[in-house]
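Hi there,

Here is the structure I said I would pass on to you. Have a look at it first, and my notes follow just below.

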Amino acid sequence: MTPAQGRPGQRRNLLSMSEPVHLSNHHRKTLQQLFEHPVSHNIEWRAVLSLLESVGSVANSSGGKVAVTLGSRTEDFKTAGRKDLDAGDVVKMREMLATAGYTAEPET
């Protein structure tokens with residue numbers, strides 16, 4: 001993924017050549033939060049899992065984890081007992097989304 005262009009703190013739109021039309025405004029907002037710089041520390045797992053179910057698949061695993069498949073990549077995330085993603089989760093999620101063709105672009 002290439003770094004997003006624009007001024008620090010500038011809001012960004014998330015664009016993709018293959019972005020599904022079925023994403024709700026709520027899902028689009030969650031995508032924007034995931035790609036904001038600096039990393040937001042209040043992105044709720046509930047919202048992210050809803051987004052991921054729209055663009056990929058989510059399956060419960062053992063030990064309070066979920067297996068997320070997006071494109072050809074599958075990653076495990078620990079969600080049990082946690083309301084929000086930590087910075088490491090956000091970075092891993094960004095990488096998965098970028099691999100699937102999602103990137104952050106500055107607002108026009």
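This is a predicted model: local features need pLDDT of at least 70, side-chain atom pairs count only at pLDDT 80 or more; totals for chains, interfaces and linings use all residues.

Strand 2 and strand 3 (residues 65-70) run antiparallel and are joined by four bridges.

Ser-57 has Thr-69 of strand 3 as its bridge partner. Val-58 stands opposite Val-68 in strand 3, and Ala-59 faces Ala-67, also in strand 3. The hairpin of strand 2 and strand 3 has four residues between the strands, and Gly-63 there takes a positive phi near 75°.

On to the next pairing. Strand 3 and strand 4 are antiparallel as well, with six bridges between them. Val-68 comes up again here, with Glu-75 as its bridge partner in strand 4. Strand 3 and strand 4 also form a hairpin, this one with two residues between the strands. In its turn, Gly-71 has a positive phi of about 65°.

Put together, this gives an open sheet of three strands in the order 2-3-4, with antiparallel pairing. Strand 2 (57-60) and strand 4 (73-78) are the edge strands, each pairing on one side only. From one strand to the next, the twist averages 25°.

What packs on the sheet? Helix 2 does, touching strand 2, strand 3 and strand 4. The direction of helix 2 makes about 120° with that of strand 2. Helix 3 packs on the sheet too, where it touches strand 3 and strand 4. The direction of helix 3 makes about 160° with that of strand 4.

Now for the helix pair. Two packed helices are described by the angle between their axes and the distance between the axes. For helix 1 and helix 3 (residues 87-99), the angle is about 115° and the axes are 9 Å apart. The crossing of helix 1 and helix 3 is left-handed. Helix 1 brings Leu-31, Leu-34 and Phe-35 to the contact, while helix 3 brings Val-90, Met-93, Arg-94, Leu-97 and Ala-98. Sorted by class, the contact of helix 1 with helix 3 has seven nonpolar residues, one charged residue and no polar ones.

Which two residues does a cis peptide bond join? They are His-37 and Pro-38, with omega at about -5°. Pro-38 is found in the loop between helix 1 (25-35) and helix 2 (45-55).

Where does the charged end of Lys-92 sit? The answer is over the ring of Phe-77, 4.7 Å from the ring's centre. As for aromatic pairs, the structure holds one.

Best wishes

Key:
Residues are numbered from 1 along each chain as its sequence is written. Side-chain values use heavy atoms; hydrogens and water are left out. Rings of Phe, Tyr and Trp (its six-membered ring) pair if their centres lie within 6.5 Å; planes under 30 degrees apart count as stacked, over 60 as edge-to-face and the rest as tilted. A charge sits over a ring if NZ of Lys or CZ of Arg is within 6 Å of the ring centre and within 35 degrees of the ring normal. Axes are lines fitted to C-alpha atoms, for helices over the stretch in contact, and angles run from 0 to 180 degrees between N-to-C directions. A crossing is left-handed if the near helix is turned anticlockwise from the far one by less than a right angle, and right-handed if clockwise. Contact means heavy atoms within 4.5 Å. Ala, Val, Leu, Ile, Met, Phe, Trp, Tyr, Cys and Pro count as nonpolar, Asp, Glu, Lys and Arg as charged, and the others, Gly among them, as polar. Two strands pair if DSSP finds at least two bridges between them.
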